[in-house]
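The exercises below are to be worked through with the sequence and the coordinates side by side. Each task is followed by a solution that goes step by step.

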Amino acid sequence: MIVQRILISATVIPEYTENPTRFYVYNILLALTSVGGNILALYLGYHSNKIAGKKPINKIAGFYLIYLILTLLINIGCLSINIRDYWIILFPISQNVFGFAVSFILVFLLSPVIITHLDKLSNYNLKSMVTLLSLLFVVLPTLFGKDLFSFSEGKSILWVAYLFFAGYFIKRFNLVNRYKNRFVQLIISGLILSVLVVVMTKVSMYVHGNTSTVNRFSVPWSLFSVYYSVSLLIFGETINNKFNFLSLCFKNISNYLLSVLILVNWPAMNHIISERYKVSFFTSSIKWILGIILLTMLYLVISSILCFLVFLFQKTTLYKKIESKLMVSDRTQLIEKLLYLKEWINKRRRLFFVAIFFYIFTIMQMFLLLDYKTPNAAILSILTIFTKRQTQLFLNVIIIMGFFILLFLVIKRFWYTFTFTLILDMLLTISTILKIKFRQEPILPSDLVFLSDINELLSMISPMIIIVVLIAIVVLTIATGIIQHRASKNYKLEISGKRRFINIFLLLVLFSGVFLVNHPNSPSNILFKFFRIDPQFYDQKGGAAVNGPLIQFISNIDVKVMVPPPDYSKKSIQKIMEKYEEIGNNINDQRNDWAEDQTVIFLLSESFSDPSRLPNITLKADPIPIFKSISSQTAHGIMLSSAYGGGTANMEWQTLTGMDMSNLDATLPTPYTQLVNKQDKIPSVLNLFDETVAIHPYWGSFYNRTNVFKKLGFDKFHYLESSDGFKHTEKIEKNPYVSDESAYNETLDVINSNSNGNKTQFIQLTTMQNHMPYSNYYEQNEFDHKGTVVTKENYEVMNTYLKGLSYSDEALKNFIKEIDDIKRPITLVFYGDHLPGIYNKNNLEEEPLLFQETDYFIYNNKFLDERKDHEETSFVSPYVFSALAFEKANIKVTPFYALLTQVSENIPATTNDPNSSSQNSFNGQKIFVNDKNEVLDDNSLSNKQKELLSDYLLIQYDLVAGQQYSADWASKKVVK
């Protein structure tokens, strides 16, 4: 059974046309190991006489308890925090994960009844029944090659019952002793299965042109598999009778059997084995065989350890106590336990009613926050909540009930507690809906500071809404007072003072976890992951709709911006400012004054990167030859993205502010939504320009850009639903996103709008054409690739992405031509924000840094040709792009950008360690990467580099988390 699981889940299935020998070995092994379940069922029937006259139901409690222990141990060992796994742990039958085990146990429970009736049959009748059943269940399906009775690969109860019957038959007629040449029979039966694999391969290739019917006779219910299974049982019993290998007690055999069954079927275990070991067996046959052997040994060792741990636990008093509570020996005892459960629930029914009420209330909250414009969409939204949001709903209810019980324990008044909890939840709902209406984001903890100016807040809300809310609160309060007075006896809290105090203390300790919810691997963080909570910091509105406004609010409590440097003070910041005033003057002595019509463009090209730099891939054609040609003639290199597959807004934030993401705390993965709204002043590259425009051919609410760009100081923001509109919205074929060419045309309109040429101009452009998903948008696609860097499932996806890159390349060519024709100084910073999230996870784990490296260049238009030029290749972080752009344009800098210039020239590029946070779920450990793509740490820096890094860290902390002593200094404009 172990080898079969390894072959199915941990081995790449060999192709006959590529490696016939390995194909035969694989399928012969599959045939010879497909009978594990058969042997167990035959064994149960063979030894059924030991069960006769006993009550197998007494064993069920022990089986279930062993199963709980084993699955919990495996799940913890696999670090699985998927709530579905824990549902399976408690209710294994509900998900049909253990089909064979369920059938086996049901037959085991029914075995006394079955044996009683079989013992009454005469030998003649028994033989006739075996013959008839074998003809129906084995011979006919083998002849027709069809699973006529839905045996489901030998997992159905009908098939297990037949094998139990066959095992009983073998024991009753003493076939073990009457069976001649047992070892020879075993070899012959195995050879027949093996030869049939070879023969059926040839037949299948001849008839069908493929190997689709190679396993026709390798299924558990084929005549040849049954013959092989019976031979194995008889040979095994012969050996056992001679050497008494299976003299272990029933409990130990059960433990080991359950260990193996759970190991080979448990989803988390299979996922880990499949992800970690599947590809490594692909290249070498020897490595492939060794991999199967090693994994088999690993399974055997783990199952033995688990069995031993269960054996030790079974000796404890706790185990025996739990087993006695769960044990049911007859119908009367089962009814007693159910009645006890009913009584326990009845005593606490009021708490259950409160939980049900807030469950329904939370559904209403989620529904109100979803976007739906038609009745059908509304119905679909409700179905989505019921089918996909149950884990989030349960966590909301758990938190609300925890608060309810805490308050109830404190004030000891049920109805006051209920009404107060309801009013708080209502206010959270109403305020979230109103804030989303005005600002496209829910209520966040940072909004609580506005309560100090409640009059201004109320002035923004319709008086009618305020009146309705106040009336509702008054009515609820009066009604609650009346109900509490009349029903106080029925809802009296009966609990001792000591127990009450302990419960209050424990609940307060549990609620303190909200301050650690974003700390990786903290108990509250694990709890949130367990309930599949994705805070969606990049889309707070969407997060509130998916998680509920309460959980989204809690998710934003634990936000620590940055660890304060030890020597942070006003004096140290003042010293740094003076230092870079002087350095800035020295830099400016070698630079030109700003032109009155200077334009700088930061062009973030969505998911742009060079796939040819990745391992294990060969491209049929280069999708970006124009980009490479332009890059070779100007400053260019590799940019270290903060993440793989996402985090666009984080790239924008770094390029605009000159701040480094890898310096931020782990609890702050998305500055746009978690930081910007908290800052009083936000120095950015925008401060240096007369006119600033942001362009993004998508929704403005995503990453809260409409509010963030206003706070940063953009004069205009062009997005799809903006009041000014977005003029150029053309798309390419079936691609749902606005094309790069359209985005460039929108940008050219903005550049040309400065017709007088008397304003410096900054433009931030973020494209969307190559955003995921990539769903075969283009009818004619000449791009193709080979290699394992992309899985088979993503083969067409990759080709679509390559075609999209080609369109981007052509659009870039035209854009460069257009800006070259403009008779004003223009400097363009072009970069890809991150790689698309379509690559093979195995390659990702082997070289994670490589998958965070995108491409960039910095280009001066022809009007600036006579200026200073740089053509070197370098590794950079996005936060230094502004300094590099000013250097490329050879224009003067302020002291803050003098600091960034020094950082770009003297400190290696930095990013989050991809081994700790590849998906940017939190900020990982900071690493340095030099121009040779070598990873360094702090200790590798020289004293001069460490001093420079310290200066930069102090300024960043001061600006994003400190007292902002340097905010005005960092916001200075360049004197022209």
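**Exercise 1.** In what order do the three strands of the open sheet stand, and is their pairing parallel or antiparallel?

*Solution.* In this predicted model, the strand order of the open sheet is β11-β12-β13, and the pairing is antiparallel. The edge positions are taken by β11 (909-912) and β13 (935-936), each of which has a single partner strand, so one side of each is left without a neighbour in the sheet.

**Exercise 2.** Determine how helices α4 and α6 are oriented to each other, and describe the residues of their contact.

*Solution.* Begin with the geometry: α4 (residues 57-77) and α6 (residues 99-120) pack with their axes 9 Å apart and at an angle of about 155 degrees. Angles over 145 degrees count as roughly antiparallel, and α4 and α6 are therefore roughly antiparallel to each other. Next, list the contact, to which α4 contributes Ile57, Lys59, Ile60 and Phe63, while α6 contributes Ile105, Phe108 and Leu109.

**Exercise 3.** Compare the reach of helix α2 with its expected span, then find its buried residues and what covers them.

*Solution.* Helix α2 (residues 20-32) has 13 residues, and its reach of 18 Å from first to last C-alpha is close to the 18 Å expected at 1.5 Å a residue. Its buried residues are Arg22, Phe23, Tyr24, Tyr26, Asn27, Leu30 and Ala31, and their cover includes α1 (2-9), α10 (182-207) and α14 (285-314).

Note on methods:
Residues are numbered from 1 along each chain as its sequence is written. This is a predicted model: local features need pLDDT of at least 70, side-chain atom pairs count only at pLDDT 80 or more; totals for chains, interfaces and linings use all residues. Side-chain values use heavy atoms; hydrogens and water are left out. Helices (H or I, at least four residues) and strands (E, at least two) are DSSP runs, numbered from the N terminus. The expected span of a helix is 1.5 Å times one less than its number of residues. Buried means under 20% relative accessible area, exposed over 50%, partly exposed in between (1.4 Å probe, protein chains only). Contact means heavy atoms within 4.5 Å. Two strands pair if DSSP finds at least two bridges between them. Axes are lines fitted to C-alpha atoms, for helices over the stretch in contact, and angles run from 0 to 180 degrees between N-to-C directions. Angles under 35 degrees count as roughly parallel, over 145 as roughly antiparallel, 65 to 115 as roughly perpendicular and the rest as oblique.
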